[in-house]
Amino acid sequence: MNTNDFDFFLPEELIAQTPLEKRDSSKLLVIDHQTHEMTDSHFDHIIDQLNPGDALVMNNTRVLPARLYGEKPDTHGHVELLLLKNTSGDKWEVLAKPAKRLRVGATISFGDGRLSATVCDELEHGGRIVEFSYQGIFLEVLESLGEMPLPPYIHEKLEDQERYQTVYAKENGSAAAPTAGLHFTKELLERIEEKGVKLVYLTLHVGLGTFRPVSVDNVDNHQMHSEFYQLTEDAADTLNEVKRSGGRIVAVGTTSIRTLETIGTKFNGGIKADSGWTDIFIKPGYQFKVVDAFSTNFHLPKSTLVMLVSAFAGRDFVLDAYKHAVDEKYRFFSFGDAMFVK
């Protein structure tokens, strides 16, 4: 398979720059990969696609305000850090700009000295390991000094940072939001639960690799980034109960899909409590082991996420659906509209 096989025309004006005023007022394109039917709808009608006894599986990761702006005390040169993951204690892997100013031993000050960082190691592509020093609780200091790391294709300033969090975000650790979940309101989730659908939460901390373009021509040569996931005992028990009762496992977003399919692959189609790191690459030819249907946003051309959706619903049909979405002026990417794939 060639990366260009997953390309499509996308006018720049369809890339959503701001969230809609009401989360669940976005459009929803329902596609059935067996009948090849497409239906234009609205997201608050997703409840019509869910049956009593189904499980709706959501990623409860919370995005860290991971972009920090500081300066080097010795030169007063401006520095930007983007936190990627906690490696141990107060040490973090970060992306640094400009990285060439930050050699081992260099220090950076943030917020008039309320937070400082010392470079411990140099990595490739502007990566650094830094150790932070601060008074109090690190996450509280970060909340007061950091900014939300919006995707590179969003150029508008986000007025309310909570709009880049799902309403069920709980576990701190992501560098980007699981954006398929941004459409849900607490009221919509209550209505879904009242219908008899089980609400199940897992965690996958989304890394910036989710925005990394596929840089190879042959899809099989692409190396996926690695992300931490966790499924609890209670969640696994609920999912197994749903499966035994004939209900469907309906995933919200590609991060939930990747977590469930990682576990299904590890346990030969079974679902068990588990945690670890996954770099699963789901592309056409992959046989799904756990997920029966899912909602997701509209993704970048030639991205691994379009490949994942194509693995479930077929490349030609998915590209037809994307062409329909472009023709009907659906909004794309993080703050855009959604599709339900069954």
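Domain bounds here come from an automatic or database domain assignment.

View 1. The structure is a predicted model, in which local features need pLDDT of at least 70, side-chain atom pairs count only at pLDDT 80 or more, and totals for chains, interfaces and linings use all residues. Residues are numbered from 1 along each chain as its sequence is written, and side-chain values use heavy atoms, with hydrogens and water left out. Domain 1 takes in 3-63 + 160-341, while domain 2 covers 67-147. Their C-alpha centres sit 32 Å apart. Where they meet, 5 residues of domain 1 are in contact with 8 residues of domain 2 (contact means heavy atoms within 4.5 Å).

**View 2. An open sheet of 9 strands.** Follow the strands in the order S2-S1-S17-S16-S14-S3-S12-S13-S15 and you'll find mixed pairing. Strands are DSSP runs of E, at least two residues long, and helices are runs of H or I, at least four, all numbered from the N terminus; two strands pair if DSSP finds at least two bridges between them. Strand S2 (37-42) and strand S15 (274-278) are at the edges with a single partner strand each, so one side of each has no neighbour in the sheet. From one strand to the next, the twist averages 20 degrees. (Axes are lines fitted to C-alpha atoms, for helices over the stretch in contact, and angles run from 0 to 180 degrees between N-to-C directions.)

**View 3. Strands S1 and S2, side by side.** S1 (residues 27-32) and S2 run antiparallel, joined by 6 bridges. One to look for pairs Asp32 with Glu37 in S2.

**View 4. Helix H3 across the strands.** H3 (residues 233-244) lies across S3 (55-59), S12 (198-204), S13 (227-231) and S14 (249-252), and it runs at about 135 degrees to S12.

**View 5. Helix H4, mostly tucked away.** H4 (residues 253-266) has 14 residues and reaches 20 Å from its first C-alpha to its last, close to the 20 Å expected at 1.5 Å a residue (that is, 1.5 Å times one less than its number of residues). Of the 14 residues, 12 are buried, so H4 is largely enclosed by the rest of the structure. Buried means under 20% relative accessible area, with a 1.4 Å probe and protein chains only. Just after H4, Asn268 takes a positive phi of about 50 degrees.

How values were computed. Buried means under 20% relative accessible area, exposed over 50%, partly exposed in between (1.4 Å probe, protein chains only).
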